[in-house]
Amino acid sequence: MNNYLHLKLGFAVVALVLFGAACGVAQVVDGGVYRTGDSGKTWQQVVFVGQDKKRVVHIDNVDVNQIVVSPINSSTLYAVSNADGVFLSDNKGDQWKQIAKGPLTSFALHPKIKETLYATAGNRLSATIDGGATWQTLYIENTPQVGIAQVLVDSQQPDRVFALTTKGGLLRSLDKGSSWQLLYTFADRVLSVVQNPRDTRILYGSVVNGSLWRAADAGQTWLQLVPPQVDGKAIKFGAFRALVFLPDGIDAFLYASQYGLARTLDGGQNWTLLQLVTRPNTVAITGLAIDAKNSQHLSYVAGSAFYRSADAGRTW
């Protein structure tokens, strides 16, 4: 079984959202999306699509890699599957419909216009302005064996769109994707770029070598952050897992990596390592959440276990 949690936005919308891949066990299909309304005590599989003649259609066999919550209406969810495309629900997961076919590598929303969406697949970045009925190619990466790994839309200035290539190139468009410029080239592949929702000039990039980088000028110049120390020696973050901003800080966030969980209140200048139930470098954290209404409430997932804290990570 390969179920896991994506909890980054769950508390603010539908408490938490669980999604995963089907096990492949006969007569047991547990993929799709799961929802909880009691902070993870009980879960409900929400995978209904519709009725096709005599057959009920579900997405219980879809490997969902990401849940995206609409900033316009928290009842609107997007279940993103790298293999199968994008599925939309306007009622917190009670019913789904497919709006984009796979395979794809990333997906992003316009923060103010529901019908405008972006997706990347292979070496192409595409957009729709009609909710997925039709898609138009905005950018093609012509470098051989280089694809588009991620698309990111500025939540405060949505005309500004970023595209990340599989070779570490960061491109930017200031006109919704009509024209592009190469903004920065990392020395290695970047796994993810995350934008600070309170100040969108601030970006964080996690590089495949385990380092974390920060830009404060909308991606033009980048500085590598110094990781926290244990016994006087800097740790190695290792593989990136998640970066979630704290609701009560300007540039404060939790960073989940192969090592574990680290918290910063000042954009990575100072760090606090959280003591977890799981030991450092022993398991992969596959889900992370902060309660948008109470930053003392944290949750993370490692392996098949779900952990909660009511005191900002001091106890679990």
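**Asp 52 is partly exposed, with 37% relative accessible area.** Asp 52 takes part in a salt bridge with Arg 55. The closest N and O atoms of the two are 3.4 Å apart. A salt bridge here is a side-chain nitrogen of Lys or Arg within 4 Å of a carboxyl oxygen of Asp or Glu. Across the whole structure, the search finds six salt bridges. The model is predicted, so local features need pLDDT of at least 70 and side-chain atom pairs count only at pLDDT 80 or more, while totals for chains, interfaces and linings use all residues. Numbering starts from 1 along each chain as its sequence is written, and side-chain values use heavy atoms, with hydrogens and water left out.

**Arg 201 and Asp 199 meet through their side chains in a salt bridge.** The N to O distance is 2.9 Å. Arg 201 is partly exposed, at 47% relative accessibility. Asp 199 is buried, with a relative accessible area of 18%.

**Asp 251 and Arg 214 form a salt bridge between their side chains, at 2.9 Å from N to O.** This pair links distant parts of the chain, 37 residues apart. Asp 251 sits in the loop between β25 (240-245) and β26 (253-257), and Arg 214 in strand β21 (residues 212-215). Strands are DSSP runs of E, at least two residues, and helices are runs of H or I, at least four; both are numbered from the N terminus. Is Asp 251 buried or exposed? Asp 251 counts as buried, at 7% relative accessibility. Arg 214 is partly exposed, at 24% relative accessible area.

**Four strands build an open sheet in the order β11-β12-β13-β14.** Their pairing is antiparallel. β11 (106-109) and β14 (136-140) stand at the edges with a single partner strand each, so one side of each has no neighbour in the sheet. From one strand to the next, the twist averages 20°. Such angles run from 0 to 180 degrees between N-to-C directions, with axes as lines fitted to C-alpha atoms (for helices, over the stretch in contact). Strand β13 (residues 124-128) pairs with β14 over four bridges, in the antiparallel sense. Two strands pair if DSSP finds at least two bridges between them. Which residue of β14 is the bridge partner of Ser 126? The partner is Thr 137.

**The second largest pocket has a volume of about 240 Å³.** Its lining holds 14 residues. Those nearest the pocket centre are Ala 127, Thr 128, Ile 129, Gln 136 and Leu 138. β13 and β14 are the elements that give two or more residues to this lining. By class, six lining residues are nonpolar, seven polar and one charged. Nonpolar covers Ala, Val, Leu, Ile, Met, Phe, Trp, Tyr, Cys and Pro; charged covers Asp, Glu, Lys and Arg; the others, Gly among them, are polar.

**One cavity of 30 Å³ or more is found in a search of the whole structure.** The volume of the largest cavity is about 30 Å³. Its lining consists of Gln 150, Val 151, Leu 152, Phe 162, Ala 163, Leu 164, Leu 170 and Val 193. β15 (148-153) and β16 (161-165) are the elements that give two or more residues to this lining. Seven of the lining residues are nonpolar, one is polar and none is charged. On a 1 Å grid over the protein atoms alone, a cavity is a set of points where a 1.4 Å probe fits but cannot get out; a pocket is an open set with protein on both sides within 12 Å along at least five of seven lines; lining residues have an atom within 4 Å of a point. Points are joined across faces, edges and corners, and a volume is the space filled by probe spheres set on them.

**A further open sheet of four strands runs β15-β16-β17-β18, with antiparallel pairing.** The edge strands β15 and β18 (181-185) each pair on one side only. Neighbouring strands are turned by 25° against each other on average, direction ignored. β15 and β16 pair over five bridges in the antiparallel sense. Val 153 stands opposite Val 161 in β16.

**Gly 102 and Pro 103 are joined by a cis peptide bond, with omega near 0°.** Pro 103 is in the loop between β10 (97-100) and β11.

**Lys 92 has a positive phi, near 60°, though it is not glycine.** Lys 92 lies in the loop between β9 (85-89) and β10. Its relative accessibility of 34% counts as partly exposed.

**Asp 231, also not a glycine, has a positive phi near 55°.** Asp 231 is in the loop between β23 (229-230) and β24 (233-234). At 77% relative accessibility, Asp 231 is exposed.

Terms used. Buried < 20%, exposed > 50% of the residue type's maximum accessible area, 1.4 Å probe, protein only.
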